[in-house]
Amino acid sequence: MRAVLTWRDKAEHCINDIAFKPDGTQLILAAGSRLLVYDTSDGTLLQPLKGHKDTVYCVAYAKDGLWSPEQKSVSKHKSSSKIICCSWTNDGQYLALGMFNGIISIRNKNGEEKVKIERPGGSLSPIWSICWNPSRKALNCVAMVMDSEMVFPLVCVLFPQIGKDRALNFDPCCISYFTKGEYILLGGSDKQVSLFTKDGVRLGTVGEQNSWVWTCQVKPDSNYVVVGCQDGTISFYQLIFSTVHGLYKDRYAYRLVKKIAIYRHSIWRNCPEKIFRSHGEVGVFRGLIQMHYGKFECKKNLLVGGVHHIICEKRLQCLSFSGVKEREWQMESLIRYIKVIGGPPGREGLLVGLKNGQILKIFVDNLFAIILLKQATAVRCLDMSASRKKLAVVDENDTCLVYDIDTKELLFQEPNANSVAWNTQCEDMLCFSGGGYLNIKASTFPVHRQKLQGFVVGYNGSKIFCLHVFSISAVEVPQSAPMYQYLDRKLFKEAYQIACLGVTDTDWRELAMEALEGLDFETAKKAFIRVQDLISSMEERKKQGETNNDLFLADVFSYQGKFHEAAKLYKRSGHENLALDMYTDLCMFEYAKDFLGSGDPKETKMLITKQADWARNIKEPKAAVEMYISAGEHVKAIEICGDHGWVDMLIDIARKLDKAEREPLLLCATYLKKLDSPGYAAETYLKMGDLKSLVQLHVETQRWDEAFALGEKNPEFKDDIYVPYAQWLAENDRFEEAQKAFHKAGRQREAVQVLEQLTNNAVAESRFNDAAYYYWMLSMQCLDIAQADPAQKDMMLGKFHHFQRLAELYHGYHAIHRHTEDPFSVHRPETLFNISRFLVHSLPKDTPLGISKVKILFTLAKQSKALGAYKLARHAYDKLRGLYIPARFQKSIELGTLTIRAKPFHDSEEPGALCYRCSTNNPAAQQPGQTSASNCRQPLHLPASSYDVLHLVEFYLEEGITDEEAISLIDLEVPRPKQDNRQQEIANNSSQILRLVETKDSMGDEDPFTAKLSFEQGGSEFVPVVVSRLVLRSMSRRDVLIKRWPPPLRWQYFRSLLPDVSITMCPSCFQMFHSEDYELLVLQHGCCPYCRRCKDDPGP
């Protein structure tokens, strides 16, 4: 550990206390009666704080930010004695106060005293410093308290003392925990700050000062320490710790203590007054099993050899477990490096390097050191080979020197070295590091170099242990390079020893072949056994009784790369197939053709296939495709074309294949689809006759027109086409088309769900014309279900009529809503009057969602008043009085209610509705729910545009007359007998007179249908008009309108009583309009205003 001074400043008064801001950015200190705030990064004085009339002795930040330097007023509490020190708990809930009378007071953050502790000695033992341990949580916190003589720890909340008092040889003035509570900073009259363990063992000095150290604190979450002295000096230090480590074979240990070493299964740690030993297996050490007390001044390393501790300074000391010095060696110069080189228990050897260049070998049971050699430069690092015959030394000039210990001869030297290590498993191999490189040297061969940061500390087999900063790493280094260096000099046995440390299978084979060629059969056999290769297979074949030496020799030649000689031997031994396999494996296809059988197609195909495989491996895909095709391996050819995106070659292959070869054709189509060539993929599917895959292709590529055309020809794929099409439409917000697609696919439930959702959305968004359209579509959907499923017929017909009625209501209400919301209206007053009267008479008891009775009645009252229907207007205003009126209509309705009282109590006849059956003018104010004539009960038929009464009378067919017969009778259109009008012309000088004389035939002049319109005046029951075949023959086709409902509904027949006034019926929704209104609406919207059928679309 070393302390680096970062900055220093001096105040006018003694520094009594220091505190860091919780984030560590600022430092506040008490100097005299002022508080000084510093920037911790550079020591800048930010501001002085004034407010105390007397000397400030202590200051502390609360962890929860209870107080800040910028706060103007703070809470104050009285104490029984002068407060010298204070400290907050880690959670900011409790404050410990140290007083001059020796009392410790524990208070909560509101200032209430919770615990009071009295130290022995009372006022003679002031509490100079107190500090909570930051490593504990909640309230169970450890505090370190210091009085004028002792330092002792205590624990909250019960505060029993948990440690012994520890006497000091100076007057302590301040105490502070370092990092996470593992260490303690202590300062006082010794004019320095010292680092202790949490148990009170001194580790070292942080910084020496010129006066008493009055306070010291640690910056939060860092290695920075600030010191305040009696003379006003403030010093800011950074503590830098070095890693202490130990290595034994492949075991490694390190920590931040003074010294450490590892030997076999034990770890030894050296602290100033203790030596600890831990024992364990496989990297798990189970705590301390030996401890020794006493002060040991160790400046270099703690080494462990057998059962002895070796403490080194300028001399070496050997201590027993009990701490008794057994032996001591005095050196001529300062010890620069020391290393354990092993030995039997109690007789371990040490290798010692001195500053004067002398290198000694010491045995722990011998008082006399052995001088190995002496060089001119100081020793920096050293190591001895496994056989104790060679010595490697790194000197202060960064040179690695290797000596023969017996002859003291310098074998070689290498520059740029800072550490060195011999391989513990190979006598002639060492490694050294320096200049950012790792160097491996075998014997006297050139150095093999690779990049590596750090210092080499060990070399075991193929593992090199390297220390970089604070961590050690094991680098696995293949030994191929030194092995080949030995092979180049035909040193096969040495190469084999190097290979045993770790090389690849290829290296083993190379070693085996080189040793075989060098006639070192023993080494070759060992190498072949390592890879379980040639020797083992030949031995196995001999055991099985094989005796053909030509065959064995051919195998040897093939392994040696003498392929032509091997092929000749294979042929001579009658194994031409082995020669063929050999050349094929070697991709020597021209030679392989010489060993083909007599035109055997299987062997030819096999050879071409292997040749294609070879072309594929060497990145010649086009040549490989051609070879695969010629060999009949179409699947492999297609895979290559597909992977490379060759569409033209794929379609050529597909067109040449027979339709019975489904697997390659299917693979072709798959790749074509993936390569965005759906047209070619469709062609391939058609060739295969795979219509289902063709449909899926059209659906996946969204080629809907082709899919629909295929679906028309093959109805069994209807669901596979229209369901995905509907889902695609829905995903693209084309819900109406999606509903139709679901309907076509026979997915009635999904179609209804889409329509219901569209309807609800339209009503919620006040798009009532859209809601009417969707309800009409829902009704037709229900009619289709009733036609397809007899079991649901009655339920679906009920829903059909319900949805039809809702469609009519919402269609009419759309005009009312727009009239009340928009500033201008596009409808005439008569139309608005008719619509509102229709809605009032048609609304059910439970008003449909979104329809406002207030708007309907308000429109009806307003238009009735304008058209002279005062009685109806008064009735509408009376109805409005029982409803909740929105604020924007309140004033208009109140005014209308007052002004209508000045009008007559009856309606004019004009706004009434004329019944064309009984010629009765119905009053404007009818009973709610009454939509038929008041006299004849004939239902009134309203157009979906102007909502006035159409001149139509519905009639029914006599029993036994079918719809087809009725149509044929009406189409006959038998002319009525003409009246026989005779005329007489009289002329004179002043005038010319034409006289008509009428005559009647036997049938009379009465229309048969008109005769059927008779009714019982004032009857309460509706009597429908039923016509016979005679009446049907008398009708004109242009006077009859027919609603041709699909089954199970019956057709509806209507007779126009004013043939000259044209009526148009939509062939889709069967709504009737005045022809002029319908043509105008179609021109405006391009479609029917009710069902939105385009004018060019054919009817159902």
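This is a predicted model: local features need pLDDT of at least 70, side-chain atom pairs count only at pLDDT 80 or more; totals for chains, interfaces and linings use all residues.
**Exercise 1. Describe the protein chain as a whole, by secondary structure, burial and contacts.**

*Solution.* The secondary structure comes to 30 helices and 55 strands. Of the 1100 residues, 48% count as buried. For the contacts (heavy atoms within 4.5 Å), take those between residues at least 6 apart in sequence: 43% of them join residues at least 24 apart.

**Exercise 2. Determine how helices α1 and α2 are oriented and which residues meet.**

*Solution.* Begin with the axes, which are lines fitted to C-alpha atoms, for helices over the stretch in contact, with angles running from 0 to 180 degrees between N-to-C directions. Those of α1 (residues 480-488) and α2 (residues 492-500) come within 8 Å and cross at roughly 170°. That crossing makes the two helices roughly antiparallel. The classes are as follows: under 35 degrees is roughly parallel, over 145 roughly antiparallel, 65 to 115 roughly perpendicular, and the rest oblique.

Then list the residues. From α1 come Pro482, Met483, Tyr486 and Leu487, which meet Phe492, Glu494, Ala495, Ile498 and Ala499 of α2. By class, the contact holds 8 nonpolar residues, no polar ones and 1 charged. Here Ala, Val, Leu, Ile, Met, Phe, Trp, Tyr, Cys and Pro count as nonpolar, Asp, Glu, Lys and Arg as charged, and the others, Gly among them, as polar.

**Exercise 3. Identify the buried side of helix α15 and its packing partners.**

*Solution.* In α15 (residues 678-688), the buried residues are Pro678, Ala681, Ala682, Thr684, Tyr685 and Met688. Because they cover an arc of only 160° around the axis, they lie on the same side of α15; the arc is that of the directions from the helix axis to the C-beta atoms. An α-helix has 3.6 residues a turn, so residues three or four places apart point the same way. The buried residues of α15 pack against α13 (647-656), α14 (662-674) and α16 (691-700). After α15 comes Gly689, with a positive phi near 80°.

**Exercise 4. Locate His819 and name its contacts.**

*Solution.* His819 lies in helix α22 (residues 793-821). Its relative accessible area is 16%, so His819 is buried. With neighbours within four places in sequence left aside, His819 is in contact with Ser825, Leu832, Thr859, Lys862 and Gln863.

**Exercise 5. Trace the pairing of strand β48.**

*Solution.* First, 5 of the 6 residues of β48 (residues 952-957) are buried, so this strand is largely enclosed by the rest of the structure. Two strands pair if DSSP finds at least two bridges between them. With β53 (residues 1052-1056), β48 pairs in the antiparallel sense over 4 bridges; Leu952 has Ser1056 as its bridge partner in β53. With β51 (residues 1025-1027), the pairing of β48 is parallel, over 3 bridges, and Phe955 has Val1025 as its partner in β51.

**Exercise 6. Give the strand order and edges of the sheet that contains β1.**

*Solution.* This open sheet of 4 strands has the order β1-β20-β19-β18, with antiparallel pairing. At the edges stand β1 (2-10) and β18 (213-218); each has a single partner strand, so one side of each is left without a neighbour in the sheet. From one strand to the next, the twist averages 20°. The antiparallel pairing of β1 with β20 (residues 233-240) comprises 8 bridges, and the bridge partner of Leu5 in β20 is Tyr237.

Technical notes: Residues are numbered from 1 along each chain as its sequence is written. Side-chain values use heavy atoms; hydrogens and water are left out. Buried means under 20% relative accessible area, exposed over 50%, partly exposed in between (1.4 Å probe, protein chains only).
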